[in-house]
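This report describes the sheet, the hairpin and the helices of one protein. The sequence and the model come first.

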Amino acid sequence: MNDTLRNQLMGLGFKPAPEPERRPAKKRDGSPERKGGSVGAGRGAERRGNPAAQGRVAKPSDKRQRPGAPGQARPPRNPARSREDIDLAKAYAIRAQREKDERIAAEKAKQDAARERREARAKLTQLVQGKALNSADADIARHFEYGGKIKRIHVTAEQLKALNAGELGVLQTDGRYLLVDAALLAEAEQVFAPAVALKVDPDAPAADDPYADPQYQVPDDLVW
């Protein structure tokens, strides 16, 4: 068809037929052929041309290595300071152990003293059993100081004279005050000295025991 006829037809309202769509040429294996080569080939060429691309891509965080990591020097240590810290820790440990040993020793000494005290009291109770001279007819109150307080024991007139002369004495055991002779008093003092409540020295001045004089007898109805 020449151009004149085509122009006439177009003038009458006819449109030219659309051109057929061109399809890409296929390779021998049936896959479409791409212009410029495959993507993988391009990337391979890029990697072959760039040595840095052959390895993994470095990240910014990889540049900051942790302290002590391979390839990074550790911060220098102060040997004098480390030695000082070690010596100080040892000193604290030694002092703590010494204080602990002292507490254990003090507690053990306290327990031993309490045990010895119990044993001595038990031995004293057996020693004076059935040997007390307390009389049911005693009507004289003999006062004396014991344990920082004023105590008393009732005696007869004869017992009072013997007590003031040092021939008798007073022991405290099991919450009671017992009147005993001088020999038993001395023996009891060897067993448990704190139990001796009254021991009169006949050669001592009278001022050392003001309650020995009968004129200082206190009435029984007096409240101390």
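Val 170 has Leu 198 in E5 as its bridge partner. The strand that pairs with E5 here is E3 (residues 168-173), and the two run antiparallel, joined by 3 bridges. Two strands count as paired if DSSP finds at least two bridges between them. Helices (H or I, at least four residues) and strands (E, at least two) are DSSP runs, numbered from the N terminus.

The model is predicted: local features need pLDDT of at least 70, side-chain atom pairs count only at pLDDT 80 or more, and totals for chains, interfaces and linings use all residues. Residues are numbered from 1 along each chain as its sequence is written, and side-chain values use heavy atoms, with hydrogens and water left out.

**The three-stranded sheet**

E3 and E5 belong to an open sheet of 3 strands in the order E4-E3-E5, with antiparallel pairing. Strand E4 (176-181) and strand E5 (196-199) are at the edges with a single partner strand each, so one side of each has no neighbour in the sheet. From one strand to the next, the twist averages 25 degrees. Strands of a sheet pair through backbone hydrogen bonds, either parallel or antiparallel.

Contact means heavy atoms within 4.5 Å. Axes are lines fitted to C-alpha atoms, for helices over the stretch in contact, and angles run from 0 to 180 degrees between N-to-C directions.

| Helix | Residues | Strands it lies across | Angle |
|---|---|---|---|
| H5 | residues 157-164 | E3, E4 and E5 | about 95 degrees to E3 |
| H6 | residues 182-191 | E3, E4 and E5 | about 120 degrees to E4 |

In H6, Leu 184, Leu 185 and Ala 188 are buried. Seen down the axis of H6, its buried residues fall within an arc of 100 degrees, so they line one face of the helix. That arc is taken from the directions from the helix axis to the C-beta atoms. Ala 183 and Gln 190 are exposed and sit on the face of H6 turned away from its buried side. Buried means under 20% relative accessible area, exposed over 50%, and partly exposed in between (1.4 Å probe, protein chains only).

The loop between E3 and E4 contains Asp 174. This residue has a positive phi of about 55 degrees although it is not a glycine. Most residues other than glycine have a negative phi. Asp 174 is exposed, with a relative accessible area of 58%.

**The E1-E2 hairpin**

E1 and strand E2 (residues 149-155) pair in the antiparallel sense over 7 bridges. Arg 142 has Ile 153 in E2 as its bridge partner. The hairpin has 2 residues between its strands, and Gly 147 takes a positive phi near 65 degrees there. Of the 7 residues of strand E1 (residues 140-146), 5 are buried, so the strand is largely enclosed by the rest of the structure.

**The whole chain**

The protein has 6 helices and 5 strands, in the sequence pattern α-α-α-α-β-β-α-β-β-α-β. Of its 224 residues, 18% are buried. UniProt lists residues 96-126 as "coiled-coil region" in an unreviewed entry; such annotations may be inferred rather than shown by experiment. In the model, the span of residues 96-126 is 100% helix and 0% strand, and its end C-alpha atoms lie 45 Å apart.
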